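Here is a friendly walk through the fold you are about to see.

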Amino acid sequence: MGGVACDRGRLRPALTPTLVVDRDTRLLVFAPHPDDEVLAAGGLIQQVREAGGIVHVVYVTSGDAYIASVKIEEHVANPTTRDYRDYGQQRESEARTAMRTLGVGAWSLTFLGFPNAGLNRLMSTYWSERQSAYRSPYTRRQRPAQSERFIPDTEYRGEDLTQELAEIIGDFRPTLILVPRSEEQNGDHCATWFFVADALGDVTRVQPRFRTDLVSYIVHYNAWPLENDDPVLKPPDDLDAGVSGWMTVRLTDQQVAAKREAVHKYRSQMNAMGWFLDGFVRRTEVFSRPAPTHVALPIAHSVCDQFEDPPRRTKKP
Ligand SMILES: [Zn+2]
């Protein structure tokens, strides 16, 4: 990271109102679903790579519960458990292709396989093993597929997700973390913020000298970013700019073109809502730094529940 300040003899990122990346940058992106990383930060990811830094992306869910898109991709009116699982695999495959376009190989991607449209429930009701694990009404899973369990006994419980995230952060030791804002109007996006913040608390308890630059992005907020088609992406008027003001990252023509190509690799999402995805392909990306907050999960009533998709019944295969 560029811009460093001394903290008890150690260097750490300073709260400058800019994002400067260099060969020492270790960027960790948390994406609630495959495509969020490219929409929010497809340009910044390229800039970290071009500066000689390292990028790693963690997909918390595989986006397997997007019913309208499952129907299109699986050619069915009433998707089965198998259809939802197949669709999740398709989205993971698209993520690998999209990220390869940006120079990020499959070894730099981690799929955690947590329940799409269910993360907010894990913050409160399905937190600990005092309660049976959450079961996705779509995939019927109560735990990630075996190949996607970062910690072997992981199930769909909040404390298990926090533990996995803390382990990933502790291992990777990012200098820069990208995470959705808590105000995002999507249950999984909102919950991802809380889980990452909770996990960061765990990491700093174990490694008190660990420092990172926590930066947030936006994907779902009212009609944003489609209110205008200005080539420069402006932040929503009614969202605060955080502790260091809005930070704008300017992309080169080549980076814009590569971002567009990566976005278009998400074929399933382009088929369902290409107009929305294309709205993020502009000359700039915007980020902000949240004010220091103490998040300790679980919480009795998840603020993210208001953005939860209504539960739907699925047919057993
Ligand atoms: Zn998303």
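What follows goes from the whole chain to its sheet and then to its helix contacts.

## The chain as a whole

Please bear in mind that this is a predicted model. Its secondary structure comes to eight helices and nine strands. Along the principal axes, the C-alpha atoms of the chain fill a box of roughly 55 × 45 × 40 Å.

Among contacts between residues at least 6 apart in sequence, 78% join residues at least 24 apart.

## The five-stranded sheet

Look for an open sheet of five strands, paired in parallel, in the order β5-β4-β3-β6-β7. Strands β5 (109-114) and β7 (213-217) stand at the edges with a single partner strand each, so one side of each has no neighbour in the sheet. From one strand to the next, the twist averages 20°.

Within this sheet, β3 (residues 26-31) and β4 (residues 54-61) are joined in the parallel sense over six bridges.

Helix α6 (residues 187-206) lies across β3, β4 and β6. Relative to β6, helix α6 runs at about 145°.

## Helix against helix

How do the axes of α2 and α3 cross? Helix α2 (residues 67-74) and helix α3 (residues 81-101) have axes that come within 10 Å and cross at roughly 90°, which makes α2 roughly perpendicular to α3. On the α2 side, the contact is made by V70, E73 and E74, and on the α3 side by D83, Y84, D86, Y87 and Q90. By type, the residues of this contact divide into three nonpolar, one polar and four charged.

Helix α3 also meets helix α7 (residues 253-265), and here the axes come within 8 Å and cross at roughly 170°. That angle makes α3 roughly antiparallel to α7. The α3 residues E94, T97, A98 and T101 meet A258, E261, A262 and K265 in α7. The residues of the contact between α3 and α7 divide into three nonpolar, two polar and three charged.

Methods. Residues are numbered from 1 along each chain as its sequence is written. This is a predicted model: local features need pLDDT of at least 70, side-chain atom pairs count only at pLDDT 80 or more; totals for chains, interfaces and linings use all residues. Two strands pair if DSSP finds at least two bridges between them. Helices (H or I, at least four residues) and strands (E, at least two) are DSSP runs, numbered from the N terminus. Axes are lines fitted to C-alpha atoms, for helices over the stretch in contact, and angles run from 0 to 180 degrees between N-to-C directions. Two residues are in contact if their C-beta atoms, placed from the backbone, lie within 7 Å. Angles under 35 degrees count as roughly parallel, over 145 as roughly antiparallel, 65 to 115 as roughly perpendicular and the rest as oblique. Ala, Val, Leu, Ile, Met, Phe, Trp, Tyr, Cys and Pro count as nonpolar, Asp, Glu, Lys and Arg as charged, and the others, Gly among them, as polar.
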